Each structure stands twice: as structure tokens, then as C-alpha cells.
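Visitor: I have a model open and would like to learn how to read it. Could you walk me through it, starting with the ligand?

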Amino acid sequence: MSPTETTEAFRERAVAFLDAHAPLRPERSGGFTWGEGDDFVGIVEEGDPATEEEAVAAARAWAATRFDAGFGWIDGPTDQGGAGLGADHVRTYRSLEARYEVPDQSIFTIGLGMVAPTIAAHARDDVATAYLAPLHRGDLIACQLFSEPGAGSDLAALSTRAVRDGDEWVLDGQKVWTSNAHHDGIGDIICRTDPDDPKHAGMTAFLVDMSAPGVEVRPLRQMTGGAGFNEVFLTGVRVPDSHRLGAVGEGWGVALTTLMNERASIGSGMGLARGPGPFERLVELTRHLGVDRDPVVRDRLARLHTTHVVNGLTAKRAAANLQAGGLPGPELSVLKLAGTLQLLATADYVASVLGPALCADNGEWGTFAWTKLVCGVPGARLGGGSDEIVRNIIGERVLGLPREPR
Ligand SMILES: Cc1cc2nc3c(=O)[nH]c(=O)nc-3n(C[C@H](O)[C@H](O)[C@H](O)COP(=O)(O)OP(=O)(O)OC[C@H]3O[C@@H](n4cnc5c(N)ncnc54)[C@H](O)[C@@H]3O)c2cc1C
């Protein structure tokens, strides 16, 4: 591999790797369900591992194989373990891998889509070097410790404390809805370091080891049947100052980096890149049910296709802006809202064409597999900024409407 490798040479190398390590995907892909936990951007296909432990082990094994072959962090800097190639190489590899049966990678969505960019932007160089490659290799699973029982939409109301003690900080408090906290990885946490400033200026961000003494993780069961998110209690948890992200008192800016990347990865359906896209799966299902000649069904499908294409173009525009060095902007909020609306419309469509087969597992292809999608979608309306909050942001920052009363 060389930093100047052409995309054609890269493609050849990637196909050789994939041919050697994964079977090609069959013509008909099956339905898809929402992730075992709350990972509303992930796909679990029919025939996937039955338990979360098996799925995580399979995901880690594939991430390690891919990383060791040079395809795990294609655009990462070589001095930190990346392959030093460009965005075109990433796109080429993703589109190739989508043709093969590989284990679902959505468990890494938070780590790679939100925490890794935050580390890259705000951690010390030695800390970034220590964590970024393990995150891309699947050795580490990351979580985002922002929400608290009294601080969700109004994140700046958070009260988890961090108090400096020499070269360390001591953390005490409670977080909630923390996806992936139960994998003993690392967490991107925002704490209050200045109790005299009850809002934005008194916050600082850290990277916390989720297996450190004083971290207690309690699972929360949700209606999909999974328990992918948790309550996290922190009692006297010690974090080295080297693991601070950004300057003391500037945690709000760090939180915005994570949140903007979160909106981008939810809105662009990052984890849905596995195999055929959701729209192709809807077409397969529609044909299977024999309703593809029904004009009302065709009309609904056409609307879904239109929004699917428009959202894809918005995602490309947002990605091009970031790649050109632009800052994450309100277009990511537009993308997040558009992605959520698309998911809601998809769930509604699926429920209407399947009827009772949505909930009755009679073993028929492509039917019961969609239940978790329908149960998981309401979560997408909250995670990463609720629809109402995202609409407020779009109203104020894109449309220039008057600010909402504070
Ligand atoms: C699937 C899922 C995964 C999640 N994963 C994580 C995670 O990994 N880490 C993490 O830190 N958090 C996570 N969250 C939490 C998520 O960030 C919060 O649910 C979200 O910020 C909303 O906060 P809240 O639940 O406290 O609701 P609240 O803020 O209490 O809001 C309740 C309702 O009031 C509305 N509302 C609130 N303020 C306004 C306003 N100013 N104007 C109009 N309407 C308003 C909201 O839209 C919402 O409908 C997750 C949530 C979900 C659903």
C-alpha cells in the first residue's frame, strides 16, 4: 500500500482481500431489524448471531481482520495506525464491502462516528494515538456519557462533578441512556468543573475508562427487547488529567463536536451501509408480498424513494463540506431530522404492507424481521437531539426565525 495508490489499484487489492475473507452476499438479502440494543442506525439480518455477546464477538473479529489487512482505518494518518489514503478510497472500500456477507458493525457507530472524531479534534496527541487505532480495530467500544436524569435536551444543566486532585480528576454523578456503556470500553464524558457557573462555561470533557473502579453500569430494557443502553453511576472515579479533552471550562465546545458528528452519522444512516440499502430491501419485501402492482403502494414507495435520494444528496453535500475543511453546520441538523422522518415513513410503510405479519413470527421470509425497526424508530426521534430541538435549531439557525423564549 502507498499513500499515492490509485483507486483502481486499491480496488483490486480490496476485492482480493474480501474474496479471501468473506462470502458474497446472496441475491435476496432478507428483511432487516433494528440493532439488538438501541442502535437505531444498525442492521441485524436474518441468520445473524442470536445473542448480543456473539454479535459483538463477530463484529470485533471482522474489524480486527479488516484493520490488520489495512482496510480498517483507510483515511487515518499513518503515524497513528491508519492507512493514510483518501476519502475516495474509503467510499470505494465501503461500496465493495457492501456486496459481501460480513458481520454487522453497528456496535462501533458511536465509537467511530462520534467519539473518535472528538478524540481526534480535542485529545492530546499521545492519547489520540493510544485510542484511535484500537477503536478502529474493534479492540475498544466507546460510549457517550452526556445525558443525565435532569439534563437531556438542556444538556448544559448537567450536574456530574469533576474535581481536580493533583494530576487527576475525581468524578461523581449519574448519567443515563448511555448506549454501549456495558462493554467496558471508554466513554466521552462531560462534567461540571465549575459549580459557580451553572451553565455552558463551567463544563469540561474527559475520556473515562469504563472499567475503572467506581463506574457502575446498570442496563435499561427497552421495547425492542434489547438492553443496549444503561444508567451509569460514577462514584469517586479517577481520571488522569492527560485524558482531558480540550481546555478546562471548554467542555461545551467538545460536546458540540460529538453532537454534530452524531447528527451526521444518524442522518446519513452510517450503519445502514451494510449490504443493500433500506430502500432496496423495501422493494424486495414489496415484490415478495405481491403488492408491487398496487397503485397506492407504488405511490408510497415512490415517495420513499424520492426522500431517500434527496437525503443521500444532502448527506453527500454535508460530507463534502467536512472533507473540504468546513465546520459541521446546521445542515447536519437538517440531515438528522430528514433521516428520522425517513425512518418513521419506512416503519409506517412496512407496518401497512405487512399487516399482522409484522408481529407474528410464522417463519415466512422478510416478515417478522421488521418488527424491531418499527419498535426502534421512536428512539431515533430522541437520540442525538429530539425532533423538536432539531426543529428549533433549524428554525433559528437556518431559517432565521426569532429565538425561542429562554
Ligand atoms: C435510542 C437512544 C439512544 C441514546 N443514546 C444516548 C447515549 O449514548 N448517550 C447519551 O448521553 N444520551 C443518549 N440518549 C439520550 C438522548 O440524548 C436524550 O433522550 C435526548 O437528549 C432528550 O433528552 P430527554 O430524554 O431527557 O428528554 P427531555 O429533554 O426531557 O425532553 C422531553 C420532551 O420535551 C421536548 N422538549 C424539551 N425541550 C424542548 C424545547 N426547548 N422546545 C421544544 N420541545 C422541547 C423534547 O423534544 C421531548 O419530546 C439516547 C436516547 C435514545 C432514545
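Guide: Strand 3 (142-145), strand 5 (168-179) and helix 11 (387-398) each supply at least two residues of the shell around the ligand. Helices (H or I, at least four residues) and strands (E, at least two) are DSSP runs, numbered from the N terminus. A quick caveat: this is a predicted model, where local features need pLDDT of at least 70, side-chain atom pairs count only at pLDDT 80 or more, and totals for chains, interfaces and linings use all residues. Residues are numbered from 1 along each chain as its sequence is written.

Visitor: How many residues surround the ligand, and which are the closest?

Guide: A residue is near a molecule if its C-beta atom, placed from the backbone, lies within 6 Å of it. Here 20 residues surround the ligand, with G152, S153, G379, G383 and S386 the closest.

Visitor: Where does the ligand shell lie relative to the domains?

Guide: Domain bounds come from an automatic or database domain assignment. Both domain 2 (142-254) and domain 3 (255-398) give residues to the shell, so it lies between them.

Visitor: Which way do the residues of strand 3 point, and are they buried or exposed?

Guide: In a regular strand the side chains alternate between the two faces of the sheet. In strand 3, A142 and Q144 point one way, C143 and L145 the other, and all are buried. Buried is 20 or more other C-beta atoms within 10 Å of a residue's own, exposed is 12 or fewer, and partly exposed is in between, with C-beta atoms placed from the backbone.

Visitor: What does strand 3 pair with?

Guide: Two strands pair if DSSP finds at least two bridges between them. Four bridges join strand 3 to strand 6 (residues 186-192), and the two run parallel. L145 stands opposite I189 in strand 6. Strand 6 is also joined to strand 7 by seven bridges, this time antiparallel, and D188 has L207 in strand 7 as its bridge partner.

Visitor: Why call strand 7 largely enclosed?

Guide: Six of the seven residues of strand 7 (residues 203-209) are buried, so the rest of the structure largely encloses it.

Visitor: And helices? Which residues of helix 1 are buried?

Guide: An α-helix has 3.6 residues a turn, so residues three or four places apart point the same way. In helix 1 the buried ones are F10, A14 and L18. Seen down the axis of helix 1, they fall within an arc of 65° (taken from the directions from the helix axis to the C-beta atoms), so they line one face. The face turned away carries exposed residues, including E8, E12 and D19.
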